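Colleague: I would like to learn how to read chain contacts and chain shape in a model. Could we go through them in turn?

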Amino acid sequence: MTATLFFIQALNGLQFGLILFLIAAGLTLVFGVMDFINLAHGVQYMVGAYLVAAFSAWTGSFGWGLLLALPTALAFGLLLEVLVFRHLYDRDHLEQVLATFGIILFLNQSVKFIWGAAPLSVPVPEVMSGSVEIMDGLLYPVYRMAIIAAGLVVAALLYLVVSHTRVGMLVRAGATNASMVSALGINIRRLFMIVFGFGAMLAGFAGAMVAPILSVQPGMGDNILILAFVVIVIGGIGSIRGAFLAALLIGLVDTLGRSFMPNLLRLVLDPSAASQTGRAIAPMLIYIFMAAVLFFRPSGLFPAKR
Amino acid sequence: MADSLLELRSLRKTYGALFVTDNVDLSVRPGELHAVIGPNGAGKTTLIHQISGLVRSDSGQVLFDGEDITHLPMHERVRRGLARSFQITSILPAFSALENVALAVQARSGSSFRFFGNAAREEALNDAAMECLNVVGIGSRARVPAGLLSHGEKRQLELAIGLATQPKLLLLDEPLAGTGHEESLRVVETLQSLKGRITIVLIEHDMDAVFSLADRVSVLVYGRVIATDKPERIRANEEVRAAYLGEEESL
Amino acid sequence: MAELTQARAPSMSSAVARFDPLPVFIFAMFAAAPFLASTSGAEGYVLSLLTRVMIFGLAAMSLDLILGYGALVSFGHAAFFGIGAYTVGIMASHGVEDALIQVPVALAASAFFAAVTGAISLRTKGVYFIMITLAFAQMLYFLASSLAAYGGDDGLTLSTRSLVAGSDFLENDFALYGTTLACLLGAYMLSRSIVKSRFGRVLRGTKENTVRMEAIGFQPLPFQLTAYVISGMMAGLAGCLLANQAEFVSPAFMTWQRSGELIFMVVLGGLGSLHGAIIGAAVFLLLEEFLPEILHAASFFLNDELRSRLSENWQMVFGPILILIVLFARGGVLGFIRRGSHG
């Protein structure tokens, strides 16, 4: 039984990790290419979730909702870029942190203003509502499988774009040496805008995908933002490969830690103490993990060369 | 080789496949002013970084005053009497010129883990700092925030900060870069007056200054030292002419 | 060498020489406020609000010490708030109610946490430092949330305020106010002294140019770490006071949003001035307190439902104010005052 449970939790961890990757990918590029700390990246995830909730309620179909939500999330990201972010590229990290913190306050409250404080629920699309038996006695929801599949496809596409296209080449070069890219006569502003827009869209996509399995509520992007930062810091800022690896690691460590830490501790502690400490340590695991990584590698696992 | 204050043995630094400095052997005698010249990209600044400890060497040794300091961090080297100036002016812009120098004095006089007492009013620090400012000729500008000094004055301030650490050896990375005629004359004059009192390793593009100041000159080309000799013999050296001086007709 | 000392050393630098009346004014206002409060008819409310202002001022000022003078952007400073508050809460729940024991333990705990996390964090630079300090604060946040014996997510209510040498005089709001003011003033004087001292000068130099400091023989790390520990202890003290003021401790004291607010207060008031952080905290808390009413009054042209929704969602206005301050009002409130006084 534990083996099945472990397998299910591992799948959940994988699914969570892929969602984290979708958010972290944009964050790490924005960070790597523009040296820009965007705390507001998490609210873009929230905006994605709200958009899909609104559009699927309007069209009556999750598919249409998603299709409408993506370009809207992209447009919204670009709007923010024009209104706020582009004025901050030349500022120091402290000012970037503050201004984007202001955006978080504003947007969290705005969705509350528009949709109310109560969580919205988005129904799982009809065709994906069941479960499949992947192994003997192991049922797994189709929709979660779909998230995993979509996450893997996007990761693969992103890899292709970054490693095999001209824009991707520029992005990689920018993450290594931004002044070199502008010295090549590339319109760096436009490159920034593209990276920014797509980063926002990926985060929005992640939010849209999880909308049916999580509750859509104000502030839902705040904690996941911190996790995404943990991911890119562990992975090495500017590195897609690092973000992918770190996202899966974090997803698995967090999910498995929460479900198995108490059991694991039972080997050395009495049951009540084990469940107490287990529940205390589990949410701290990823931060301990991050501190450990940074202790040995102060620039993350795959530091972009500077 | 006890008669050399600074000795470099097979010092090397590579960036990827590029050998920035390659097997550099160099010996600086106590009291001399030793100039290092070479065309742009010859690795002069990297060499200074390696000697001062800002850049880690890939291989080779740095011996200072008989001690192997290859693996010491920069601040430890400074404490042993190896100071440097920077090619790109590197001062504390919000501090007054005096405080820039006073900090360097503070570094070598007593603990800096003192949490009480106004450091800016410590006469002992200020007097010593003032002396250094006067040596380089900008004593009258002591109260001016360093960021507001003219470019030439900043170069002089760099020199004063270096002096304030009371070095046995001073590494100067292009102290004349970007200075006007007047200012450059003043720096040369200052160096002239320091000569003999402090050992100096000077990197400089201004050949007039180099040949009038230096006791010995080393020529660095593509990361290698191709010659070390007295200035007049460097001028006459065929290899040096071919590799370096040939491209600057003025010589 | 006699001719070298022709120009006498000026005994102090221009930056330190000017006397600044503003801090005196601020503390005079804090000292006078209780007397004004007792005539206002709502003294309980005014006192508790101003006590909070001073507590957050203390925390923000401690952050300014490393942020404004050391350029260390700690995004986890609320953790120290939590350490101070939880030390008071946990010890009180075990019957240790005297501040003379609680506060030293809280300071020691803050110092320990700062020393350990600082030693790791300071190995990293820039963004990595911001993130790792955040991560350590998150760790504590989750730890506090999981302490079921001490209220978990819901927090812990204190049965009484701390005793001082067995006396319960802190139960009096005026006494708590006075104690908080004394702590703030003490911490301010200490910080002011540190900033001017030899130590502070090295710290300030490190902020401006680390490489230069190494090139004149300083190793930055011990200075930065010491400053980090001192700053953490001050914020821990603020946490002790907050627990007493609120008579409650909760993981919400150390959310990352709280850490962000502390940074905001420092920048809002003006970075690197110490008393600016206190002003920043005051402006922030007063805005938080009165913005709903201001909004309500200012939106008289809207219908009632929209008006009440707007004042409920005052953060919608707060966020953009923050962005505008960053974009246009460099130097914070102090910068504004300085520009004003120079015409």
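This is a predicted model: local features need pLDDT of at least 70, side-chain atom pairs count only at pLDDT 80 or more; totals for chains, interfaces and linings use all residues.

Colleague: Which chains share the most contacts?

Modeller: Two residues are in contact if their C-beta atoms, placed from the backbone, lie within 7 Å. Of the 2 pairs of chains in contact, B and C share the most. Chains A and B have no contact, and their closest C-alpha atoms are 12 Å apart.

Colleague: How many residues of chain C are in contact with chain A?

Modeller: On chain C there are 35, and they meet 36 residues of chain A. Helix α6(C) gives the most to this side of chain C, with 13 residues; helices are DSSP runs of H or I, at least four residues long, numbered from the N terminus.

Colleague: What radius of gyration does chain B have?

Modeller: The radius of gyration is taken over C-alpha atoms, and the globule rule is 2.2 Å times the number of residues to the power 0.38. For 251 residues, a compact globule would have a value near 18 Å, and chain B agrees with 18 Å. Its C-alpha trace spans about 60 × 40 × 35 Å along the principal axes of chain B.

Note on methods: Residues are numbered from 1 along each chain as its sequence is written. Chains are lettered from A and ligands numbered from 1 in the order in which they are written. Helices (H or I, at least four residues) and strands (E, at least two) are DSSP runs, numbered from the N terminus.
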